[in-house]
Amino acid sequence: MISSSRARSAWYWATVAIVTGLLLLAPLVLPSFRLNLLGRFLAYAIVAIALDLIWGYAGLLSLGHGLFFGLGAYAMAMYLKLASSNELPDFMTWSGRDTLPLFWLPFRSPVFAIGAALVVPALLAAILGYLVFRSRIQGVYFSIITQALTLIVSILFIGQQSLTGGTNGITDLSKIFGLPRTAARVQTGLYLATVVCLLGVYLLCRWIVSSRFGRLLVAMRDNEARVRMLGYNPVVLKTLVFALSAAIAGLAGALFVPQVGIISPSALGVVPSVEIVIWVAVGGRGLLVGAVLGALLVNWGKTVFSESFPNIWNYGYGALLIATVVLFPEGLTGFLIRLPAWWQQRTHRADPESRMHNVELVATPDSSEM
Amino acid sequence: MQSTGPILELKGVTVSFDGFRVLDDLDFSIGRGELRFLIGPNGAGKTTLLDCMTGRTHPDRGQIWFDGLANAQRRPEHVLVQRGIARKFQTPAIFNSLTVAENLETAISFRDPTARLLRPLSTIQQERVVATMSTIGLERRAGIRAGTLSHGEQQWLEIGLLLVQDPKLLLLDEPIAGMTRRERDRTGELVQAIARERSVLVVEHDMEFVRRYAATVSVLHAGKLLMEGSIDQVQRDPRVIQVYLGRAAVATKPQSTVGGSLQPQSTTLPAPYTRR
């Protein structure tokens, strides 16, 4: 038993090391366009992990992770914009401003911007989470409230043209850390940073979900009243994990923006939030690897299909979600894990003796009841 | 932290739902190390009483003291649990997706700071989890998901969740509901063993079970304490008979005296008239 679990753990770490190694070597093989695409998808994979942490384990379906991703992206974009413009950002001049708004000032510092990309989403999630969880709002009502907040903030960003760039968002981000953003060297660096962050986030979340804290998250999903009646305060625990998840989503946004070079309110709205849910559902929630695979596969599929069938891709997206929910409620990884057991059961069922054995097993508890 | 006096005391506790008084100016107390049974017809307020004791319901009026802690009626549930109160719900409240061992590990970690939860159990905690699994007879089920246990095993696991926390006062709401005879016997022994080290309050409908294990019985009726005494006193008391007969007189007669405890229907009535 012990040796087999040790062997399995050795296999696991070997797989993690190989996949990480392949991702780190990808810049040597892939053309820059494909590498850039992969870098974006890996940033998406980070948000997917963030959502899986709270949805797959704690049972909190957030429809607001696009917002946290977007806030992280905006924080980074504000730094990039200031680093790329000699004077006032162009959209401010167009809307008739002649001075930089106060809250933009500290974003001249990249350290501050990266910090804000983590802290602002975490803080917003903590405040919203605390209020919602304290009122014992659960399930679909939690989802609706997170979606409403997302909608409100995206409308706010569109409305404040002179502060946020409005519908167009923040564009023309040409420089990062004093270097030209689109240079191959810089893009490779950003890609590698994304790989490292993905690995770090994955290991952090894996540590959390396999710890006692992670089991407590599952326990809250199973029976919150029992958790409370075991002496824990679910409000604190849920607020903590929601804020952590939002910070990770913000990090993903901050990695995403310099690879894309633009951020607009459409990236922080309701639709991207739902897309994140689809990635996790397709990949298989309740397993961090599932979230990563879901984000990569769905986005790869989206690229391939939208290149060939630009008009109908969105219907395909919807069909994919429905098919997943109906046919594979546990997602791709859940399906793959169940496959061996299902196959065994199928081959067993053909054998009449084992069927009799099963009947006996079922009957036993009833007969002792008599 | 006084060591004398009752572990739990309620004075003048009143709870109303929509103008209906579920608990009516109730005085109640449980002594240290006592094993107490609480009976009463449906709607007497038993579960509401437990809700008040555990901070689930905050009474409209009245005072509750728990182990030297005044105003316990205003504290939230998790604070009272931290102070040493534990409650078993009517239907098994366990964590179905966790294994038996993980269920107990989650329960025993309740006083660890949150950051400590990222690290493994201490050796002492681990030993306690193993010991508790053998107390509740689930040591061979350690790695099994709690959701796949039988109903009786789930009930024991929930008792185990509470035991592993070493509470000062244990509240058990119908611990044998839905159990087979053998399971009932084991549970009775378990309750007796538990009660040697702490105060225990058992809410139970099954009179056969109460008769076998009870020392003192309290009878709750219409939100008030009708009487307290030994099981014999209670079963002979005309007021108690009145309360139960008034509700279920018809069901009394056909009850057989043999193996009355086996039938779940026999639950709501005391059996003096059939047994004697």
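A residue counts as buried here if 20 or more other C-beta atoms lie within 10 Å of its own. The structure is a predicted model.

**Chain B as a whole**

Start by selecting chain B. By that cut-off, 44% of its 276 residues are buried. Colour the chain by secondary structure, and 10 helices and 9 strands can be picked out.

**Strand E7 of chain B**

Next, select residues 199-203 of chain B, which form strand E7. How many of the residues of this strand are buried? The count is 5 of 5, so E7(B) is largely enclosed by the rest of the structure. Show the side chains to tell the two faces apart. Ser199(B), Leu201(B) and Val203(B) lie on one side, Val200(B) and Val202(B) lie on the other, and both faces are covered.

Residues 35-39 of chain B are strand E3, which runs parallel to E7(B) and is joined to it by 4 bridges. Residues 169-173 of chain B are strand E6, also paired with E7(B) in the parallel sense, over 5 bridges. Centre the view on Leu201(B): Arg36(B) is its bridge partner, and Leu171(B) stands opposite Leu201(B) as well.

**Where chain B touches chain A**

Show both chains. Here 24 residues of chain B are in contact with 22 residues of chain A. Which elements of chain B give two or more residues to this side? They are helix H2 (77-83) and helix H3 (100-108). Coloured by residue class, the side of chain B that touches chain A shows 10 nonpolar, 10 polar and 4 charged residues.

**Helix H12 of chain A**

Finish with residues 270-283 of chain A, helix H12. This helix has 14 residues and reaches 20 Å from its first C-alpha to its last, close to the 20 Å expected at 1.5 Å a residue. Because 10 of the 14 residues are buried, H12(A) is largely enclosed by the rest of the structure. The buried residues include Pro272(A), Glu275(A), Trp279(A) and Gly283(A). Step one residue past the helix to Gly284(A), where phi is positive, near 115°.

Methods
Residues are numbered from 1 along each chain as its sequence is written. Chains are lettered from A and ligands numbered from 1 in the order in which they are written. This is a predicted model: local features need pLDDT of at least 70, side-chain atom pairs count only at pLDDT 80 or more; totals for chains, interfaces and linings use all residues. Two residues are in contact if their C-beta atoms, placed from the backbone, lie within 7 Å. Ala, Val, Leu, Ile, Met, Phe, Trp, Tyr, Cys and Pro count as nonpolar, Asp, Glu, Lys and Arg as charged, and the others, Gly among them, as polar. The expected span of a helix is 1.5 Å times one less than its number of residues. A residue is buried if 20 or more other C-beta atoms lie within 10 Å of its own, exposed if 12 or fewer, and partly exposed in between; C-beta atoms are placed from the backbone. Two strands pair if DSSP finds at least two bridges between them.
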